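I opened my notebook to record what I looked up in this structure. The entries follow in the order in which I made them.

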Amino acid sequence: MHTLGWIGLGNMGAPMAKNLLQEGYKVNIYNRSPEKTFSLVESGATKLNSPKEVVDQSDIIFIMLSNSNAVKAVLTQDNGILDAIHPGKVLVDMSTISPEDSLSYAKLVSERGGIYLDAPVSGSVGAAIAAQLVILVGGEEKAIDICQPYFNLLGKETIYFGSSSKGSSAKLAINLLLGIIGQGIGETLLLAEKSGLDKEKVLEMISLSGMNTPLFQGKKEMYRQEQFPSAFMLELMSKDLGLVKAEADRLATKLPLAEVANTTYRSANENGKAKLDMAAVYLELKEINNL
Ligand code: NAD
């Protein structure tokens, strides 16, 4: 039985780590701000004092952090992950970061004899709690076999995309679609409102249409109330669209909708909606139109 480690206990990391604990695994945890570890300790996790300690005392270490800077920090800081990586350790990075950064972190880990998988997830907090995430993996196939039993406890499906960084590439592709659909719903509601249509009937129309999605149903109450408590923070959506833009530039690929979505979410992010749910891009669209 492997001993597991978990670094990063935010909106996603905490329920994911809890799902491993509930299956009886020993889970060593670390979070930069210790208060986020308290409820996990109550569920049986062992709180350690640095990323290095987690790696020292665990076989497979999952990390779920905000962005690439955070991943770099826990890898390279004093008492960081790289101080303890050695052959036999598997590091599973589930954060959404760029494919280029995934590749460079894989290299840093493999230079020390460890294995790094990029394994970001599709699905938000509800899916994390219900272990219904879709896990998008790149890296050494033999390590996937080792991790598969744990992926099965975190998600409903694991898709292996190939070598290092391919999981991160897949995540950017699916989140581009998420950002575009989010803006699309916002614009649809806005046009309907400007046309004087009853909002309740518009929500019903979308729900009954071919464009109904689990995403729309998950956010419908937010649109109804015009309250956007965060499931997937708008600042993270904006970060991901920035990563999409950088990747499209690197691949010399023109993505017109991606450009527009990147601009809209960035301005929402800068105009006080960073900590709201990504669906609050609708509020930004309203403000642009003086509503
Ligand atoms: P969050 O902001 O709730 O949690 C981020 C975690 O990173 C926190 O535990 C924080 O302490 C830690 N952190 C941040 N900077 C750090 C640093 N410099 N050093 C050490 N720790 C640091 O974010 P989240 O919603 O849990 O998202 C985590 C990742 O998963 C992100 O990459 C996000 O894009 C991705 N993601 C989120 C969702 C979602 O719905 N929330 C869905 C899919 C993927």
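**Entries on one aspartate and the ligand**

I located aspartate 277 in the loop between α12 (256–273) and α13 (281–288); helices here are DSSP runs of H or I with at least four residues, numbered from the N terminus. I noted that this is a predicted model, in which local features need pLDDT of at least 70 and side-chain atom pairs count only at pLDDT 80 or more, while totals for chains, interfaces and linings use all residues. Residues are numbered from 1 along each chain as its sequence is written, and side-chain values use heavy atoms, with hydrogens and water left out.

Is aspartate 277 buried or exposed? I recorded aspartate 277 as buried because its relative accessibility is 0%; buried means under 20% relative accessible area, with a 1.4 Å probe and protein chains only.

I then found a polar contact, at 3.0 Å, between the side chains of aspartate 277 and lysine 219. Such a contact is a pair of N or O atoms within 3.5 Å; within protein, one must be able to donate a hydrogen and the other to accept it, and residues adjacent in sequence count only if both atoms are side-chain atoms.

A backbone N or O atom of asparagine 11 lies 2.8 Å from a ligand oxygen atom, and for threonine 96 the corresponding distance is 3.0 Å. I noted that the protein covers 90% of the 830 Å² of accessible area that the ligand has on its own (Shrake-Rupley method, 1.4 Å probe).

Notes: Helices (H or I, at least four residues) and strands (E, at least two) are DSSP runs, numbered from the N terminus. Buried means under 20% relative accessible area, exposed over 50%, partly exposed in between (1.4 Å probe, protein chains only).
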